[in-house]
Amino acid sequence: MQPLYVYTMMGKNKLSPDYIFESSWEVCNKVGGIYTVLSTRAKTLQEAMKDRIIFIGPDFWKESESPYFKEDKSLFAQWQWEAKEQGLQLRVGRWTVPGEPIAVLVDFHPFFEQKNEIYGWLWENYGVDSLHAYGDYDEASMFSYAAALVVESFYNHYLNAKQRVVYHANEWMCGLGALYINAHLPQVGTVFTTHATSIGRSIAGNQKPLYDYLFAYNGDQMAGELNMQSKHSIEKQTALHVDCFTTVSDITANECRELLDKPVDVVLPNGFDNSFVPKAAVFTRKRKAARRRLLEVANALLGEQLDDDTLIVSTSGRYEFRNKGIDVFVEAMNRLLRDRDLKRKVVAFIEVPGWVGEPRKDLQERLAEKKQYDTPLDVPQITHWLHNMSHDSVLNMMKYYDMHNHCDDHVKVIFLPCYLDGKDGIVNLTYYDVVLGNDLCIYPSYYEPWGYTPLEAVAFRVPCITTDLAGFGLWANKELGGRYGELEDGVKVIHRTDYNYSEVADAIKDTVARFSNMSQKEADQCRKAADALSKKALWSEFIQYYYEAYDIALQRAEERMNKKQ
């Protein structure tokens with residue numbers, strides 16, 4: 001097979017892979033933002049590679065099948081049989097996302113028996129410290145090892161040195177596999193992407209100032225202080241030894257240089273595939289349905305009659321109270337309660353998955369009856385009961401500020417603490433359908449390597465607020481010629497530092513109040529600008545950076561093999 005080439009403006013032909021293997025804990029496993037990165041990019045790569053892009057994910061679907069995987073025993077049938085003879089417990093099929101790329105799910109549990117030998121090899125060859133492992137380190141490492149064995153088996157069955165092959169590992173969880181491929185298949189170009197450094201996230205999550213002191217932090221020292229030695233060690237050694245080290249934004253590139261002692265080779269910004277966005281009449285219908293449902297839930301919970309003129313705003317993402325800016329969101333909504341410039345009622349949803357017990361039966365009953373109520377339910381701030389109600393950060397902050405959604409409050413805050421998969425028992429809409437119903441989305445992140453949530457919002461034509469500590473916010477400012485984005489640009493980018501929490505809360509409050517004063521025409525212009533900005537962040541625009549990474553990895557693999565000859 002002749003290799004593909006990507007033509008560059010410099011007139012240079014880049015090496016392009018004949019096969020790409022990409023491993024991640026989130027292949028066919030929707031647990032975080034990396035799932036969105038891979039699943040939306042899959043279509044673009046599948047169109048270019050035609051079943052020569054193969055994703056590898058963990059197979060722990062024993063009780064029930066992954067809703068995102070469709071097994072196909074006829075795919076690579078001979079190799080499937082051979083791999084199982086070699087002791088690999090795997091299933092081959094399709095990832096049920098646009099493009100339907102090939103996916104291999106591998107059961108990693110059998111390798112726990114070899115854990116000590118694997119960690120010994122890792123220490124002897126790469127100096128990775130696995131002694132301090134705890135939590136998910138062992139599970140991730142055994143998956144990473146199994147994924148590498150899958151690639152080795154497939155390569156030995158189907159491929160040879162005539163094909164150019166790339167192995168792309170995502171996050172520290174897949175680092176071990178990248179190092180294994182480096183050692184056992186040196187002809188394969190390796191790419192490693194850290195979507196957020198484990199130690200940077202930990203510094204930020206432990207209430208330490210990250211940015212003003214970034215130049216002074218020693219990553220190894222901080223890993224010891226924060227009990228992160230093993231995760232930091234595998235991440236750092238993978239970054240140092242792969243052919244091409246990458247991350248997702250300029251802000252995280254700084255972090256990698258300072259905390260991992262390794263500059264990145266390429267920045268791979270996260271794009272979006274707008275085939276997820278409904279078209280024309282379907283878009284309008286879904287937006288109306290989402291607004292209607294969100295207001296139904298709010299009215300049943302609050303005992304109110306909020307109408308369609310109500311401003312619906314939200315924040316969402318992983319439940320990292322400080323890192324994702326959930327704390328400053330609550331602060332801003334509390335200040336908005338007393339803002340005289342606010343001209344419309346506001347219902348603000350916090351859509352982050354907590355430790356959910358069950359959907360509220362009293363709320364379900366009210367929603368089923370479809371009646372109007374004039375009294376709120378008990379605890380009218382939450383839609384699902386939690387296991388840790390008295391220790392929940394959102395509820396405790398609202399309690400501290402006496403935010404009890406009183407009848408005369410013009411701002412109501414509602415915690416929706418579950419994954420929005422369409423089957424949560426209360427809203428029963430998927431996350432993307434819920435996003436459609438918003439007037440404004442707010443993501444005031446403190447630690448956000450990229451920021452998929454604001455990109456998703458603008459892709460669904462919802463103007464949003466974010467910060468310049470999010471990679472997406474920095475990118476938006478760059479696209480706007482270096483100035484800070486405003487709502488009229490589709491995204492309001494707020495300057496955020498280690499210490500200006502209060503100013504950020506005021507800026508959010510003021511922006512929501514200003515938006516409430518906009519005419520329908522002005523709001524529609526903000527929506528159009530959001531849509532236009534999102535088009536610049538499609539995978540069709542960003543995939544070029546991946547080809548650059550593949551080229552670097554393949555060039556270095558070729559150099560390595562030439563030296564051996």
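Me: Which residue in β19 is the bridge partner of Cys 464?
Reply: This is a predicted model, and in it the bridge partner of Cys 464 is Val 491 of β19. Strand β18, which covers residues 464–467, pairs with β19 in the parallel sense, and the pairing runs over four bridges.

Me: OK, and what is the strand order in the open sheet of six strands?
Reply: The order is β16-β13-β12-β17-β18-β19, and the pairing is parallel. At the edges stand β16 (411–415) and β19 (491–494), each of which pairs on one side only. From one strand to the next, the twist averages 20 degrees.

Me: What holds paired strands together, in general?
Reply: Strands of a sheet pair through backbone hydrogen bonds, and the pairing can be either parallel or antiparallel.

Me: Now the sheet of nine strands: what order does it have?
Reply: That open sheet has the order β5-β6-β7-β4-β3-β8-β9-β10-β11, with mixed pairing.

Me: Why is one side of β5 and of β11 left without a neighbour in the sheet?
Reply: β5 (69–71) and β11 (266–267) are at the edges and have a single partner strand each, so one side of each has no neighbour in the sheet.

Me: How do β8 and β9 pair?
Reply: Strand β8, residues 165–170, pairs with strand β9, residues 189–194, in the parallel sense over five bridges. As an example to look for, Tyr 167 has Thr 190 in β9 as its bridge partner.

Me: Which strands does helix α4 touch?
Reply: Helix α4 (residues 137–158) packs on the sheet and touches β3 (19–23), β4 (53–58), β6 (90–95), β7 (102–106) and β8, and its direction makes about 145 degrees with that of β4. Another helix to find is α5 (residues 175–184), which lies across β8 and β9 and runs at about 155 degrees to β8.

Me: How do α3 and α5 cross?
Reply: The axes of α3 (residues 115–126) and α5 come within 11 Å and cross at roughly 65 degrees, and the crossing is left-handed. The residues in contact include Trp 121 and Leu 122 of α3, and Leu 179 and Tyr 180 of α5. By class, this contact of α3 with α5 has nine nonpolar, two polar and no charged residues.

Me: Changing topic: how much space lies in the second largest pocket?
Reply: About 470 Å³ of space lies there. The lining has 20 residues, and the closest to the centre of the pocket are Arg 287, Arg 291, Asp 308, Asp 439 and Gln 520.

Me: Which helix gives the most to that lining?
Reply: That is α10, with nine residues. Both α10 (280–302) and α18 (520–535) supply at least two residues of the lining.

Me: And how does the lining of the second largest pocket divide by class?
Reply: The lining has 10 charged, six nonpolar and four polar residues.

Terms used
Residues are numbered from 1 along each chain as its sequence is written. This is a predicted model: local features need pLDDT of at least 70, side-chain atom pairs count only at pLDDT 80 or more; totals for chains, interfaces and linings use all residues. Side-chain values use heavy atoms; hydrogens and water are left out. On a 1 Å grid over the protein atoms alone, a cavity is a set of points where a 1.4 Å probe fits but cannot get out, and a pocket is an open set with protein on both sides within 12 Å along at least five of seven lines; lining residues have an atom within 4 Å of a point. Grid points are joined across faces, edges and corners, and a volume is the space filled by probe spheres set on the points. Ala, Val, Leu, Ile, Met, Phe, Trp, Tyr, Cys and Pro count as nonpolar, Asp, Glu, Lys and Arg as charged, and the others, Gly among them, as polar. Two strands pair if DSSP finds at least two bridges between them. Contact means heavy atoms within 4.5 Å. Axes are lines fitted to C-alpha atoms, for helices over the stretch in contact, and angles run from 0 to 180 degrees between N-to-C directions. A crossing is left-handed if the near helix is turned anticlockwise from the far one by less than a right angle, and right-handed if clockwise.
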